[in-house]
Amino acid sequence: MKYTITLFLVLSTLAVSAQFDNFFLDKTMRMDYYHSGNHETEFYSFDELIEEPYWGGSKMNLVDTFEYGNYYVKVFNTQNDSLLYSRGYSSLFGEWQTTREAEETWRTLSEAVVFPYPKQEVRIELYGRNWDGVFEKKFEYTVDPSANYFVKQENRLTYPSFDVHISGDSQKKVDIVILPEGYTEEEMGAFIEDCQKFAKDLFAFAPYSENKDKFNIRGVLAPSRDSGVDIPADTVWKNTLMNASFYTFDSERYLMTFDNKSVRDLAANAPYDQIYILVNSKKYGGGAIYNYYNVSVNSNAKSAQILSHEFGHGFAGLGDEYFDSSTSYEDFYNLKAEPWEPNLTTLVNFENKWQDMLKKKTPVPTPDIEQYYNKLGVFEGGGYVAKGVYRPMHDCMMNTFKDTKFCPVCARAIQRMIDFYTE
Ligand SMILES: [Zn+2]
């Protein structure tokens, strides 16, 4: 019986991977588009299609089963409307829409979606999640790569890549590409060392520590003209490759970049599932957005915790479990809908979260008192608000760095994502 099941799995595996070869080539198509609007309105407009040399993703799990993120890309076969590929993601534009600035002005940001390079005509559809948590179709674009000679084949920022930690074939591993921001030509040696430290830091914490053999990490040797990064409030401006900056949305430690094209162009130098931007700075800061990109500094004393925390956002879609720090967001979560992040709940649909992991006698909500500090529960406060959003544990890596562990709910979410990319 066991043999039969194994054989069935092998056969179905072959069928799915044949599905990839029927429809896709082993490289990436990227669609750049512009996302414009203000706090209540948004528009999407097409920019360009680009061919990139590697496909770093799974060839088995083409359709996303998590339903995380504020946006979704779906790629359909136009001949029979079958879904070939999908992926959830979030974006800096989506965060910006929740800031005060978005109530006062309009803004346009460049964004991109990537998917394996189609052999025949496909329809690319973009979806956005509304305030009630439901996806609505916002945009579509049809392309037949065999007949469309406008798909760009030039790589605008071509640089050599190097191996940091390789455990196997890209399609069966989580592939991280590390991009250097604010390292000069003379500092490329320091960047290589920082990439080694990145791997050591990432694998220092469970569940990454037990999954070392499921990751590939590569770096791109791309020097910036200046050393360091922009700090607008201190009038520090540096000429760097990806234009990253502290004070994103006027939050001092929020270190991000609006220059999506440079980030994507640089990332295309290696196969990737996740983009990690390592910034050459001692100042505390970072940021990450689910399936968008991750940023952290290289040499702050807390850099190991910062990178694990940020990668929790970017890779596993984890939400922030803190609520007592100042952020630039207003009404980030709708308290009448269940947030999509696996480690936050409004108790609207808690059954789909970590209810299965709770001990029967654990009170819901769980009092935030010493008796429960090391227990899994449902603690009020999280997602930037003290009321109405609940987190799984008193402390966690997604809350403070006092207890440098992921709570069991975050650890499970990370493990599930690793499995998605590697099974
Ligand atoms: Zn957690």
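User: Why is Glu 67 called partly exposed?

Analyst: Glu 67 has 14 other C-beta atoms within 10 Å. A residue is buried if 20 or more other C-beta atoms lie within 10 Å of its own, exposed if 12 or fewer, and partly exposed in between, with C-beta atoms placed from the backbone. The count for Glu 67 falls in between, so the residue is partly exposed. This is a predicted model, in which local features need pLDDT of at least 70 and side-chain atom pairs count only at pLDDT 80 or more, whereas totals for chains, interfaces and linings use all residues. Residues are numbered from 1 along each chain as its sequence is written.

User: What makes Asp 81 count as exposed?

Analyst: Asp 81 has 8 C-beta neighbours inside 10 Å, and therefore counts as exposed. Asp 81 is placed in the loop between strand 3 and strand 4, and has a positive phi of about 60 degrees although it is not a glycine.

User: Why is Tyr 117 called buried?

Analyst: Tyr 117 has 20 C-beta neighbours inside 10 Å, so it counts as buried. Tyr 117 belongs to strand 5. Leaving aside neighbours within four places in sequence, Tyr 117 is in contact with Phe 24, Leu 25, Lys 27, Thr 28, Met 29, Glu 51 and Pro 145, where contact requires C-beta atoms, placed from the backbone, to lie within 7 Å.

User: How do you know that Ala 413 is buried?

Analyst: The count for Ala 413 is 26 C-beta neighbours inside 10 Å, and it is therefore classed as buried. Ala 413 lies in helix 7 (residues 408-422). Not counting residues up to four places away in sequence, Ala 413 touches Ala 316, Leu 318, Pro 342 and Asn 343. Of these, Pro 342 is 71 residues from Ala 413 in sequence and 6.6 Å from it in space, C-alpha to C-alpha.

User: Why is helix 5 described as largely enclosed?

Analyst: Seven of the eight residues of helix 5 (residues 260-267) are buried, so the rest of the structure largely encloses this helix. The buried residues are Asn 260, Ser 262, Val 263, Arg 264, Asp 265, Leu 266 and Ala 267. Their cover includes strand 1 (24-37), strand 5 (107-118), strand 9 (174-181), strand 10 (215-220), strand 11 (274-279) and strand 13 (293-297).

User: What makes helix 4 roughly perpendicular to helix 6?

Analyst: The axes of helix 4 (residues 188-202) and helix 6 (residues 303-316) come within 9 Å and cross at roughly 70 degrees. Axes are lines fitted to C-alpha atoms, for helices over the stretch in contact, and angles run from 0 to 180 degrees between N-to-C directions. Angles under 35 degrees count as roughly parallel, over 145 as roughly antiparallel, 65 to 115 as roughly perpendicular and the rest as oblique. Helix 4 is therefore roughly perpendicular to helix 6. Phe 198, Asp 201 and Leu 202 of helix 4 meet Ser 303, Ala 304, Leu 307, Ser 308 and Phe 311 of helix 6. By class, this contact has five nonpolar, two polar and one charged residues (Ala, Val, Leu, Ile, Met, Phe, Trp, Tyr, Cys and Pro count as nonpolar, Asp, Glu, Lys and Arg as charged, and the others, Gly among them, as polar).

User: How do you know that domain 1 touches domain 2?

Analyst: In domain 1, 24 residues are in contact with 18 residues of domain 2. Domain 1 covers 19-143 and domain 2 covers 161-316, with bounds from an automatic or database domain assignment. On the domain 1 side, strand 5 supplies the largest share, four residues. By class, that side has nine nonpolar, nine polar and six charged residues.

User: Why is the chain called as compact as a globular protein of its length?

Analyst: The chain has seven helices and 15 strands. Its radius of gyration is 21 Å, close to the 22 Å that the globule rule gives for 423 residues, so the chain is as compact as a globular protein of that length. The radius is taken over C-alpha atoms, and the rule is 2.2 Å times the number of residues to the power 0.38.

Conventions. Helix = DSSP H or I, 4+ residues; strand = E, 2+ residues; numbered from the N terminus. Contact = placed C-beta atoms within 7 Å.
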